[in-house]
Amino acid sequence: NATSQPYRTGYHFQPPMNWINDPNGPMIYKGIYHLFYQYNPKGAVWGNIVWAHSTSTDLINWTPHDPAIYPSQPSDINGCWSGSATILPGDKPVIFYTGIDPQKKQVQNMAVPKNLSDPYLIDWVKYSKNPLMEPTWENQINASSFRDPTTAWFGPDKRWRLIVGSKRHRRGLAILYRSKDFVHWNKSQHPLHSAKDTGMWECPDFFPVSFSGQDGVDTSVMGPDVKHVLKVSLDDTKHEYYTIGTYNSVKDSYIPDKGSVESDAGLRYDYGKFYASKTFFDGDKKRRILWGWINESSSVGDDIAKGWSGLQAIPRHIWLDRSGKQLVQWPIKEIEKLRQGPVNLNNQVLKGGGSVVEVSGVTAVQVDVEVSFELSHIEKAEKMDPSWTNPQLLCSQKGASAKGSFGPFGLLVLASKGMQEYTAVFFRVFQDQNNKYVVLMCSDQSRSSLNEENDKTTYGAFVDVDPVHEKLSLRSLIDHSIVESFGGEGKACITARVYPTLATGGGARLYAFNNGTQSVTINSLSAWTMKKAQIN
Ligand code: DQQ
């Protein structure tokens, strides 16, 4: 119940108990959305991994099923790790996943539905000749770094391709395989892409994005109307990076655009907690959807005591920004079905020097809030030191209480009445050497809980918006122990886990604030109490 379990969420995906991690094989089949995920049936820590399975008609309300894939063959007897689904012509789903074999080698296996007329795809049959891909001495693949097969795509030469994450020494690799029949796979001489000093690439994802608009395209689409995206999850730092580039289907090479790299100089889906993510193409609604795993920031002891660990982020619609230089993400529109209200606050000035305005009339522990700010006399923005290149560091050094001229201003969420606890999601605006404005977005967890056991790292990101011509917008999905924030209409995302001790249940409050010296105006603010979703 809510008192003994204050951190369970109202509308985020989670099973009733136990450990979860990566989303696996998301797809839509006969109008039903499927989510599989890494799951420990026996406890709140990682281990005994199976593919748990839930289905939905709206990506919000979920029905649980028995685990779809669990150890049963030599090729997966020590675990059924991450993988992806591909829908073959004739509407035939196929799952590829990593199995841990009797020698603890990582190998790639295949499973297909037992009964294609069952839209819930309850039963899965493993291929009798698994594994299909193995690390061997000849192919020089590292047996403990060979996992997480992607959705396959179909080339002009009528061959299927997929990649598997790996590394050679410190070089991260996307090993490429090709097949004519989906059963016999040949490793390509060259990886699809690799990068030095990045370590193991977990859960790679490779997909096309359309040049124009927000519609998604199927994974096999290529040619002049699309760019390609390669996302990798770096085991060393548990951060994900993506590059945007060009896929040459003849040479089977992927070349990231200039400046697009798998490091902090590059781009992340989310600058907080968000890992092992995966997209799929929703052919019914012509969009690409991103799922990501959000782990806990609490101690293992606290996880065991509460009996569960891990959430899935709200699925995000993902598309290429007009600039062609980054992706944009926005919570799928179905989530708005849960909104009640709204409560509005329009044209409200937040005076400089410290203003706090309560957004009352919502259940602040479970709320969706959208706000846009307008700044005038922006030329008064502070000068930015050219050495300030690391947004997370900048946010940690300039937390919610450190006054600037424009900012910090934003939201105080999951705040207790006496402000003993709050999570601050806010902006700061600077002026660089060329008099261009730079927008910093921060999520400051340092005051989120009186419990000192939690990881309260502050997160930060630069947001590519022009505050002279555009309003500065922020949306936060707040749900008991998670805050997913979207700055600049989805140009920068930061997800945080927090564990308030006072700001729980009816004790939580929501505020807008400005601690900068300059005043800012809330152009509009809407907050909706969120209904509870039916989840598992
Ligand atoms: N989680 C899975 C692996 C993957 C890792 C194991 C990423 O397949 O590389 O649970 O979180």
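In the predicted model, strand 17 and strand 18 form a hairpin in which four residues lie between the two strands, and Asp 252, located in the turn, has a positive phi of about 55°. Strand 17 comprises residues 239–248 and strand 18 comprises residues 253–256; the two run antiparallel and are joined by four bridges. Within this pairing, Asn 248 of strand 17 stands opposite Ser 253 in strand 18.

The ligand is surrounded by 13 residues, the closest of which are Gln 38, Trp 81, Ser 82, Glu 202 and Ala 276. Two or more residues of this shell are contributed by each of strand 1 (18–29), strand 5 (80–88), strand 15 (201–210) and strand 19 (275–282). When the residues of the shell around the ligand are grouped by class, five are nonpolar, four are polar and four are charged.

In the model, the span of residues 12–331 is 2% helix and 48% strand, and its end C-alpha atoms lie 12 Å apart. For residues 334–528, the corresponding values are 4% helix and 47% strand, with the end C-alpha atoms lying 14 Å apart.

Technical notes
Residues are numbered from 1 along each chain as its sequence is written. This is a predicted model: local features need pLDDT of at least 70, side-chain atom pairs count only at pLDDT 80 or more; totals for chains, interfaces and linings use all residues. Two strands pair if DSSP finds at least two bridges between them. A residue is near a molecule or strand if its C-beta atom, placed from the backbone, lies within 6 Å of it. Ala, Val, Leu, Ile, Met, Phe, Trp, Tyr, Cys and Pro count as nonpolar, Asp, Glu, Lys and Arg as charged, and the others, Gly among them, as polar.
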